Amino acid sequence: MNIVVLDGYALNPGDLSWAPFESMGSLTVYDRTSPEQVEARARLADAVLTVRTPLNREIIRHLGQLRFIGVLGSDPSHVNVEIARKRGIEVADAAGADVESTAQLAMALLLELTHGVGHHAHLVRGGRWCRGPDFTFRLHALTELQGRTIGLVGLGRIGTAVARMAAAFGMEVLAHDPFIREAPPHVQLVPLEELASRSDVVSLHAIRTPATEHLVNEAFLHRMKKSAFLINTAHGALIDETALAAALRAGRIAGAAVDVLSEEPPSPKNPLLRAPRCLITPHLGWGTVAARERIVRTVADKLRQFVEKRAAAL
């Protein structure tokens, strides 16, 4: 079996092993592949693995030997799944592999917003504390999470994990998810408008659909408390970035922290890059070693099961 990884560097810059795939055939790993290079590199592949390299209708149509597409992550939106399956190509992803890591990052962003640990530490190293007249200094009001309310937009696996962590901090947990009828005992399901107006923290965990695109828009931001924070570890398209930047400049909310943007890597013109009180991290949610190891194992297991199923059918 010929296995080709189109863009392996983001998943494995050298700290993981490709052995689970190497054991199943001839493996070729490219760090990055441009759309123009895909056909030439994958032409003889039985299995193609991709993190973000697009596999559209035209590319899939030209890969006559292809039988398996493995998405090395939880988002298969860059693969034309419908066309692939019509051509008898199995498509598998690693949904769920990064749940705990992404939830952990959401809480890390919340703690940075409320305590500014990284910002204060950076200033200390720059000499601010050494030059100060007092035994302490604070750049802004520090917020205690106990008794505060967090609103989760989306209560899937990651949202549920964040709910568990937030409850451990003593937070009241609200959630909105039109596909969930029964929530855990410590979570109260509410309409979206109520979540926006009651929450001290809004954390986004919804998938991208036409209904959720720009879900956080000017109207949503106007419903939020001026003291509230917004966190996004789900998908950049959930936020109208221009509206959020305007809200931050006007002081309509207290701050935002996002791990995802509408375009990645972002254009230098992205308005959030210049917005005040806005933390931006470079899509770190999936990036722990443990999460990336689970992604490799999950997709390798699905490829192995696919091969065994085909062999049994012969």
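Arg 292 and Asp 15 form a salt bridge (a side-chain nitrogen of Lys or Arg within 4 Å of a carboxyl oxygen of Asp or Glu) in which the closest N and O atoms are 2.6 Å apart. Because Arg 292 belongs to helix H12 (residues 289-313) and Asp 15 to the loop between strand E1 (2-5) and helix H1 (19-22), the pair ties together parts that are 277 residues apart in sequence; helices (H or I, at least four residues) and strands (E, at least two) are DSSP runs, numbered from the N terminus. Arg 292 is buried at 6% relative accessibility, whereas Asp 15 is partly exposed at 41%, where buried means under 20% relative accessible area, exposed over 50%, and partly exposed in between (1.4 Å probe, protein chains only).

The model is predicted, so that local features need pLDDT of at least 70 and side-chain atom pairs count only at pLDDT 80 or more, while totals for chains, interfaces and linings use all residues. Residues are numbered from 1 along each chain as its sequence is written, and side-chain values use heavy atoms, with hydrogens and water left out.

The structure holds 10 salt bridges, among them one between Glu 172 and Arg 198, with the closest N and O atoms 2.9 Å apart. This pair links distant parts of the chain, Glu 172 lying in strand E7 (residues 172-176) and Arg 198 in helix H9 (residues 192-198), 26 residues apart. Salt bridges with shared partners join Glu 172, Glu 194 and Arg 198 into one network.

Lys 86 forms a salt bridge with Glu 82 at 3.4 Å between the closest N and O atoms, and both residues are exposed. Lys 86 and Glu 82 are four residues apart in helix H4 (residues 81-86) and are therefore separated by about one helical turn.
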